[in-house]
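Subject: Structure for you to look at

Hi,

Here is the structure I promised to pass on, and my notes follow below it. Could you open it alongside them as you read?

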Amino acid sequence: METWKRNLWVLWIGCFFTSASFSMVIPFLPLFLLQIGVHQHTEMWSGLLFSSAFFAGAIASPFWGRVADRYGRKPMIIRAGFVLFVIYTLMAFVTNPYEILALRIMQGLLSGFIPGSIALIGTNTPNEKIGYALSLISTATASGGILGPLLGGGIAHLFGNRLAFASAGIFVFIATFLIIFWVKEENFTPSKEKGSVKNDFKVAWTNRTLMMVLTLTVVTSCSVMTIEPVLPLYIVKLGSSSEDASLLAGIVFSLPGIASALFAPYWGRWADKVGFQKVLVIGLLGGGVGTLAQILFGEIWGFSVIRFVYGVFFCAVFPALNGLVVKSTPDDFRGRAFGLNQTANQIGGMIGPMIGGFIGGIFPVQIVFVVTGLLLLTAMGMAYRKGNMLNRPIKRNAWAGK
């Protein structure tokens, strides 16, 4: 088997386990807060816990991107995997929201397993297969997103959330060892540039296409994470007893992931043919309309169907954004580019839960869906208007000496 194919499938398995470990525990933080005695300002606490890791990650990601360009993406994936193992394990022993907050900040500062995997795929895959490869990684995270909530919700229902946290740590531990023994990073030329993160921002600023991609990533990530802090609580209100809350929330959380696992490869193959920008526009349009449509249903079954349809379209978005990062940057800047993209992702992820938690604590939760849908449609309009820029191939010589 060719090295890039073996890397792809091993990283698929690693991202699957890592995504499963994340979705086993993080979506249930609002319910876990209730279980440890946080009954006042739960939405506010939930938003803070979601945002804290993204804030820390936004600060740390450019640094880790620079380190990846110098020492390789594989060592960064391994480092992030062991960090997540320790953090999830410690989560099983927390007794108050302040301890959770500290661990979430550490997670943001030190993790980066899936972004590192995407960067490695982007530099070790033939250009004509990048869309397909990135979509497969998307199916890995989506499939993990299917298993994780189901498994995490089931474990929490039977044994409690603490055991779910411990199980998540074991999952990511397995993923890390797979990367150590089976992934080989071939297309890597260590960056000898003695620059700084500040200089990386200056270099990125000269690339208008990359800056547009980073802007779209901020808006998209913000829109997605706006709804995360309030979604489990909203699912409970749609018709579930508190005893079954974790299990039902896990099932509904899994629906967009099921859609992604089924449809993301088709989006990826199409992106290799027609370009990432067209796929991005369609995905954002479907995601925005699908989010707005969710407020039309006051019972769980109709809501679940629309969540699935939303997932069919939205699964095209982040692989397309990642593909545009690859297409708009040279190999020796790829780690830093994905580090900056991760910062953009984290900034959106930091702002989104704060907005969602604030709106959900003051207004009816349906307003959060409206805000999320409008943000996605705004991103769609930006991607459509800047189509010529996003489709423009990079001028490699323009980066020489930067």
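What covers the buried residues of α6? The cover includes α1 (3-25), α4 (73-91), α7 (130-159), α8 (161-182), α15 and α16, where contact means heavy atoms within 4.5 Å. Helices here are DSSP runs of H or I with at least four residues, numbered from the N terminus.

A word on the source: this is a predicted model, in which local features need pLDDT of at least 70 and side-chain atom pairs count only at pLDDT 80 or more, while totals for chains, interfaces and linings use all residues. Residues are numbered from 1 along each chain as its sequence is written, and side-chain values use heavy atoms, leaving out hydrogens and water.

Back to α6 (residues 113-123): nine of its 11 residues are buried, among them F113, G116 and I118. Buried means under 20% relative accessible area, exposed over 50%, and partly exposed in between (1.4 Å probe, protein chains only).

The structure holds six salt bridges, each defined as a side-chain nitrogen of Lys or Arg within 4 Å of a carboxyl oxygen of Asp or Glu. D69 pairs with R73, with 2.6 Å between the closest N and O atoms. D69 also meets R336 in a salt bridge at 2.7 Å, N to O. Because D69 lies in helix α3 (residues 42-71) and R336 in helix α16, that pair ties together parts 267 residues apart in sequence. R336 forms a salt bridge with D200 as well, at 3.5 Å, N to O. This one links R336 in α16 to D200 in helix α9 (residues 197-205), 136 residues apart. Through shared partners, salt bridges join R66, D69, R73, E185, D200 and R336 into one network. Several members are buried by relative accessibility, including D69 at 1%, D200 at 2%, R73 at 3% and R336 at 3%.

Two phenylalanines are also worth a look. F318 sits in helix α15 (residues 317-327) and is partly exposed, at 23% relative accessible area. Leaving aside residues up to four places away in sequence, F318 touches T220, S221, V224 and N345.

F363 lies in the loop between α16 (334-362) and α17 (366-385) and is partly exposed at 46%. Together with M44, F358, I362 and I367, F363 makes a nonpolar surface patch of about 480 Å². Such patches take residues with over 30% relative accessible area and no salt bridge, joining nonpolar side chains (Val, Leu, Ile, Met, Phe, Trp, Tyr) within 5 Å and like charges within 9 Å; areas come from the Shrake-Rupley method with a 1.4 Å probe, and for residues only the protein chains shown count as cover.

Best wishes
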